[in-house]
Amino acid sequence: MPVKTRSGGRRSTSAPKNKTRISPRKGKKKRASTAESKEHAEEEQQVGDKREAEQIAESGNEKKETETGEVQGKRARTEEDEAKRYSFHEGTIERGHIYFFYRPKVQHEEVHDIDDVRNFHMLLIPRPPEFSVHIEGQRPSGVEKDSQHDDEMTIVAEGADAVPAPPPKDQPKTHFRLITIGKKRLPDPDAPGGKGVYWASVTAVGDDLHSLEQGLGERSYETKTQGERHEGPARLAGRGVYAIVNTRGKTVSRNATHLGYHLSHPSEAGEVQLELGIHTASSFALQVKNPEAEPTSFGQRIRRPAGRRAKYPEGILKYVFEKGTRGRSYGLRFVPCNCIDLLDYEGAELLLIAARSGTEGTDESLGESRGKALKTVGERESQEPPEDIFRELAIEKDRFPAEPIEGKWI
């Protein structure tokens, strides 16, 4: 409180305020404490970051392990699927229509006998079984109704799985397989001197018959030594129905594949058919050669160049040819046609081994009355005019001579 002084002035009665002074020693201590706190915070941050990184890494490892497990699971399922897909499929593995063509030698406008033939081809066009295709107003052969049951259960007759559905006409988008026979004729079961064993190879596989028409048509080409050369068009020598059937033996080594056919055109074999080994009905065993197997003394002579052999996937090499087993890196040298996939690779090498001729012989080779079923449908389709054959193949009739189908060389 201010009071008067003798001089008339005023002075304050409140205590004077002292200024706070920080000693140098205490300031240093406080700054050190602040630095320590900051360092501690940074250390905690680093520990937190490290812990977070470890947690992320652990999470990543768990995710990676999960992904690895999924990949391994997918791989196992893929291998299981491949093993099933390429296993030996018993019964009819394919049926369809079969066609035989021969091509004259270069610079030969006509063919008078088999010596004038350059190539002999067997064309296979697969079809679904007839009983699986509904044709309005027509009951498929080999199918009956069981009237004893209210739902009229369908009964498929024995051998019906070998009967192909009727071929469509003028539809080029069709799967086909062209096989070239090495000796320009089929192995003949009735030939003297034992069973014939002939080499063959798959020379073309496709899904458009227009490419087949171009391949079988006439062509000209230039050579350096002989100039222009000309090849006449292929000739149609036969048409019929076929089935490829697998029969399981008592042991795996006794498993067998047979191809049996019955002609519809011509109904009786003529001179052309007899020389080419085409019977009205016949069958032969079918074996597929491992493209990685070393050539034998016999195989060396006909072996296809490495670049033209079948490029089978690893699944086929592993599960069909048993690659890496039996003490050989390539596995088995020959196998029956476990699954039809083996024939759908260009460059596939085949062995055709004569089996049996005639309907009864074909029936014995294919089993379950399949030979008789092929005969029935072959005879039925023989009523169709030859012109329809070219419509089935979606090719122009005028481009391919048809006289050989009547047994006459041309």
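Select Arg 248, which counts as partly exposed at 43% relative accessibility. The model on your screen is a predicted one.

**Stop 1: the partner of Arg 248**

Arg 248 and Glu 90 form a salt bridge, with their closest N and O atoms 3.3 Å apart. Colour the two ends of the pair. Glu 90 is exposed, with a relative accessible area of 54%.

**Stop 2: a buried salt bridge**

Select Glu 381 and Arg 239. Their side chains meet in a salt bridge, 2.6 Å from N to O. This pair links distant parts of the chain: Glu 381 belongs to helix α7 (residues 370-381) and Arg 239 to strand β11, 142 residues apart. Are these two residues buried or exposed? Both Glu 381 and Arg 239 are buried.

**Stop 3**

Select Glu 314 next. Its salt-bridge partner is Lys 323, and the closest N and O atoms are 3.7 Å apart. Glu 314 counts as exposed, at 52% relative accessibility. Lys 323 is partly exposed, with a relative accessible area of 31%.

Elsewhere, shared partners join the salt bridges of Glu 94, Arg 177 and Asp 344 into one network. Select those three together to see it. How many salt bridges are there in total? The count comes to 17.

Not counting residues up to four places away in sequence, Ser 329 touches Lys 323 and Gly 324. Ser 329 sits in the loop between α5 (314-319) and β14 (334-336). Ser 329 is exposed, with a relative accessible area of 56%. Now show the C-alpha atoms of Ser 329 and Glu 292. They are separated by 8.8 Å, while the two residues are 37 residues apart along the chain.

**Stop 4: a charge over a ring**

Select Lys 289 and Phe 334. What sits over the ring of Phe 334? The charged end of Lys 289 does, 6.0 Å from the ring centre.

**Stop 5: strand β15 and its partners**

Switch to a cartoon view. Strand β13 (residues 281-289) pairs with β15 in the antiparallel sense over seven bridges. To find one of these bridges, select Ser 282, whose partner in β15 is Ser 357.

Strand β8 (residues 197-206) also pairs with β15 (residues 349-357). This pairing is antiparallel too, over five bridges. Select Ser 201 here; Glu 349 in β15 stands opposite.

While the strands are on screen, look at the side chains. In a regular strand they alternate between the two faces of the sheet.

**Stop 6: aromatic pairs**

Show the aromatic rings. The structure holds six aromatic pairs. Select one of them, Phe 100 with Tyr 261: this pair is edge-to-face, 5.5 Å centre to centre, with 65° between the planes. Phe 100 lies in strand β3 (residues 91-104) and Tyr 261 in strand β12 (residues 256-265), so the pair ties together parts that are 161 residues apart in sequence. Both Phe 100 and Tyr 261 are buried.

Move along to Tyr 102 and Trp 409. They form another edge-to-face pair: 5.2 Å centre to centre, 70° between the planes. Tyr 102 lies in strand β3 and Trp 409 in the segment after α8 (386-392), so this pair ties together parts that are 307 residues apart in sequence. Tyr 102 counts as buried, at 0% relative accessibility. Trp 409 counts as buried at 13%.

Ring pairs link Phe 100, Phe 120 and Tyr 261 into a cluster.

**Stop 7: Gln 273**

Finish at Gln 273, in helix α3 (residues 271-275). Why does Gln 273 count as buried? Its relative accessibility is 0%, and buried means under 20%.

Then select what surrounds the residue. Leaving aside neighbours within four places in sequence, Gln 273 is in contact with Ala 237, Pro 266, Ile 278, Pro 404, Ile 405 and Gly 407.

Notes:
Residues are numbered from 1 along each chain as its sequence is written. This is a predicted model: local features need pLDDT of at least 70, side-chain atom pairs count only at pLDDT 80 or more; totals for chains, interfaces and linings use all residues. Side-chain values use heavy atoms; hydrogens and water are left out. Rings of Phe, Tyr and Trp (its six-membered ring) pair if their centres lie within 6.5 Å; planes under 30 degrees apart count as stacked, over 60 as edge-to-face and the rest as tilted. Helices (H or I, at least four residues) and strands (E, at least two) are DSSP runs, numbered from the N terminus. Buried means under 20% relative accessible area, exposed over 50%, partly exposed in between (1.4 Å probe, protein chains only). A charge sits over a ring if NZ of Lys or CZ of Arg is within 6 Å of the ring centre and within 35 degrees of the ring normal. Contact means heavy atoms within 4.5 Å. Two strands pair if DSSP finds at least two bridges between them. A salt bridge is a side-chain nitrogen of Lys or Arg within 4 Å of a carboxyl oxygen of Asp or Glu.
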